[in-house]
Amino acid sequence: MIDAHIHLEQYDWEAIDHMLKELPEKGIEALLAVSMNLESCIRTEKLAAKYPGIVRPAYGFHPEQPLPKADELKALLEWMEYSAGDFAAVGEIGLPYYSRTEAFERGEDFDTEPYIDLLDTMLGLASRLAKPVVLHAVYEDALIVCDLLEKHEIQRAHFHWFKGPEEAILRMIANGYYISFTPDILYEAEIQELAMRYPPELVMAETDGPWPFEGPFAGHSTHPSMIRDVAATWGALHGYSPSKAEEILTANTVKFFTL
Ligand SMILES: [Zn+2]
């Protein structure tokens, strides 16, 4: 299988070597490694160069952090356009749902507009480079992101670890956007409901590692092989055997990222 979304560069580097060596015996052939900012992109690029074909890099700016300064953003965009080697996708990009919610809970203001402008810039770059996009866009933010994707005529959009309102789900299905499920599909009823109704041909599996999970994964360091449990649970909801589920999710991931 292929882990469709992992923050590989955030693991301890000795742990990465160990993890990557044991991937084949655990049934994992590749990882879609997303990045947070320019430093993170450069670390991801190093991993992709060290493990060609296994680490498939995505470059971008994660929205759940302070905005980049103008010169930082310029450097990142230039690096992505001219200096980075070939890469699989633009990501992780999106809107800061959790940062905004936490700011409001503290009674602070939060201006989302500059994040929308940044996303607009990133989508423009993705469109120009003909790359798919990996999105952090949950709840009502998904609707703003749908507007921007439609504006840029971007077809290949992956809403990772998605949860959101009915209106967004229907629009994403109509537009053929992909979503992915994490190990929380084993124990979150809300996610299982979404899995039952989202078209199987638009679904992938991911860990978002090293993010830790609960339920049967509590206390375990997040490993790409956990997507095989995701596949088994997702497959059971649709009446597929675990091996059929793995086959479908892998084929979807290969198709979406053109791996
Ligand atoms: Zn992520």
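**Close-up views of a predicted model**

View 1. Ile93 counts as buried because it has 28 C-beta neighbours inside 10 Å. What you see is a predicted model, in which local features need pLDDT of at least 70 and side-chain atom pairs count only at pLDDT 80 or more, while totals for chains, interfaces and linings use all residues. Residues are numbered from 1 along each chain as its sequence is written. Ile93 lies in strand β4; strands (E, at least two residues) and helices (H or I, at least four) are DSSP runs, numbered from the N terminus. Which residues does Ile93 touch, leaving out those up to four places away in sequence? They are Gly60, Phe61, Pro63, Leu119, Met122, Val133 and Leu135. Touching, or contact, is meant here as C-beta atoms, placed from the backbone, lying within 7 Å. From C-alpha to C-alpha, Ile93 and Ala157 are 11 Å apart in space, and they are 64 residues apart in sequence.

View 2. Eight strands form an open sheet with parallel pairing, in the order β1-β2-β3-β4-β5-β6-β7-β8. Two strands pair if DSSP finds at least two bridges between them. At the edges are β1 (2–6) and β8 (203–205), each of which pairs on one side only. On average, neighbouring strands of this sheet are turned by 30° against each other, direction ignored.

**View 3. Strand β5 and its neighbours.** Look along β5 (residues 133–136): Val133 and Leu135 point one way, Val134 and His136 the other way, and all are buried. In a regular strand the side chains alternate between the two faces of the sheet. Three bridges join β4 (residues 89–94) to β5 in parallel, and Val90 stands opposite Val133. Three bridges also join β5 to β6 (residues 157–159), again in parallel, with Val133 opposite Ala157. Between β5 and β6 the chain passes through α6, in a right-handed β-α-β crossover. Right-handed here means that, with the strands pointing away from the viewer, the path from the first strand over the helix to the second runs clockwise.

**View 4. Helices α5 and α6 side by side.** How do the axes of α5 (residues 113–129) and α6 (residues 141–151) meet: at which angle, and within what distance? They come within 10 Å and cross at roughly 35°. Axes are lines fitted to C-alpha atoms, for helices over the stretch in contact, and angles run from 0 to 180 degrees between N-to-C directions. On the α5 side the contact is made by Ile116, Leu119, Asp120 and Leu123, and on the α6 side by Ile144, Leu148 and Leu149. Helix α5 also lies across β4 and β5, running at about 165° to β4.

**View 5. Strand β1 and the way to β2.** All five of the five residues of β1 are buried, so this strand is mostly covered. Three bridges join β1 to β2 (residues 30–33), and the two run parallel. Ile2 stands opposite Ala30 in β2. From β1 the chain crosses through helix α1 (residues 13–21) to β2, and this β-α-β crossover is right-handed.

Definitions and conventions. Contact = placed C-beta atoms within 7 Å. Buried ≥ 20, exposed ≤ 12 C-beta atoms within 10 Å, placed from the backbone.
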